[in-house]
Amino acid sequence: PPGHPSLTPPSAMRPWVVGVALSLLMCLTSTCYFFQIPDDLKQKDQMKVGRWGPPNAEFNWCEADYELADWIAEPVNTVSCLAMVLLPALFLATHDASRDAAVIACLEVAIAIGSMLFHASFRYTMQLADEIPMLWYMVAVACSCLSRLQGVDATYAAVAWVAVVTTGVLASEQHSLVHEAFRGTMTISFCACLVLTGWGVTAIVSRLKEEVAEKQRRAAQRAERVLEAGLIMFLASVFAWLLDNYFCSALRQLPGGLPYPQLHTWWHLLVAGALHCVMVVLHADSRRTSETL
């Protein structure tokens, strides 16, 4: 209408652009995670053993091990996971969340608990306790987006699929061909759902801007800014993760005696912020017909 900004989102925020960008990013990160683990993350501090026993996880992140106590391998990385507990708890305490948003918030807490156990122990079972809830979380968000945008209820099929993958991962031996096949399937499923989520939340914001009443237009524009902030935080978190993985030795020996910058911790904090933005966008969509959007 005359006097109002265009409702067409800028090209950088079109759903298909976000989806393609995330697809390319997932091709890079999944290759790094599954096929090209840096030697620094395999060998660093490999002789240190804490109360959990000898490390047998596939990763040993860049933070120095067992600096404070023999029962917490990486204290800073472990504690930083609390952001993924506090933010969903805050969301549930301050919003009348829909059922799917509440499930998503609880799954984020499950990710945090698994990640804390992983960073504290470096045991492979705890690594899986970190990875498996991530898959369940992404599937839940992707199903929510499909339901909201297309009216497709894929919940039962998705739960059945993820249950099969989870069972296959947990029931097979580490390093076995079957186990690696199921972990590869888990990684591909995770990436596909993340791309679908990026497309979905962007499409939800676009629909909000098109459908809300005039007096709610500012709220829709705020939702768009929340989405933009979430995407920026996610991209920054991946950048921090990659730097920490591939430049660990350099980061631990910075010139001038500068301390190690704890980039994996920044990955946790920025991802927590991005996931919070996703929940805010879903909540705004749930209330798009309400007087109090």
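## Terms and basis

Helices (H or I, at least four residues) and strands (E, at least two) are taken as DSSP runs and are numbered from the N terminus. In this convention, Asp 244 has its place in helix α9, which covers residues 217-246.

This is a predicted model, in which local features need pLDDT of at least 70 and side-chain atom pairs count only at pLDDT 80 or more, while totals for chains, interfaces and linings use all residues. Residues are numbered from 1 along each chain as its sequence is written, and side-chain values use heavy atoms, with hydrogens and water left out.

## Overall form

The protein has 11 helices and 0 strands, so that, by the definition of these elements as DSSP runs, the order from the N terminus on reads α-α-α-α-α-α-α-α-α-α-α. Along its principal axes, the C-alpha trace spans about 70 × 50 × 35 Å.

Of the 293 residues, 50% count as buried, where buried means under 20% relative accessible area, exposed means over 50%, and partly exposed lies in between (1.4 Å probe, protein chains only). When contact is defined as heavy atoms within 4.5 Å, residues 24 or more positions apart account for 71% of the contacts with a separation of 6 or more.

## Surface and charge

The protein exposes about 14300 Å², of which carbon and sulfur atoms supply 67%; such areas come from the Shrake-Rupley method with a 1.4 Å probe, and for residues only the protein chains shown count as cover. There are 19 positive and 25 negative side chains, and the centres of the two sets lie 8 Å apart. Lys and Arg count as positive and Asp and Glu as negative, while His and the chain ends are not counted; the place of a charge is NZ of Lys, CZ of Arg, CG of Asp or CD of Glu.

## The cysteines

A disulfide is a pair of cysteine sulfur atoms within 2.5 Å, and a search of the whole structure finds 1 of them. Cys 62 and Cys 248 form this bond, with their sulfur atoms 2.1 Å apart. The pair links distant parts of the chain, 186 residues apart, since Cys 62 is in the loop between α2 (39-43) and α3 (75-80) and Cys 248 is in helix α10 (residues 248-251). The torsion about the S-S bond is about 95 degrees, so the disulfide is right-handed, and both Cys 62 and Cys 248 are buried.

Cys 193 is in no disulfide, as the nearest cysteine sulfur, that of Cys 143, is 6.9 Å away. For Cys 277, the closest cysteine sulfur is in Cys 145, at 14 Å, which is too far for a bond. Cys 193 counts as buried at 15% relative accessibility, and Cys 277 counts as buried at 10%.

## Two buried residues

Asp 244 is buried, with a relative accessible area of 0%. Not counting residues up to four places away in sequence, Asp 244 touches Cys 62, Leu 251, Tyr 260, Leu 263 and His 264.

Leu 128, in helix α6 (residues 124-150), is also buried, with a relative accessible area of 7%. Its contacts, leaving aside neighbours within four places in sequence, are with Pro 133, Val 169, Leu 170, His 179 and Arg 183. Leu 128 and Val 169 are 41 residues apart in sequence and 8.4 Å apart in space, C-alpha to C-alpha.
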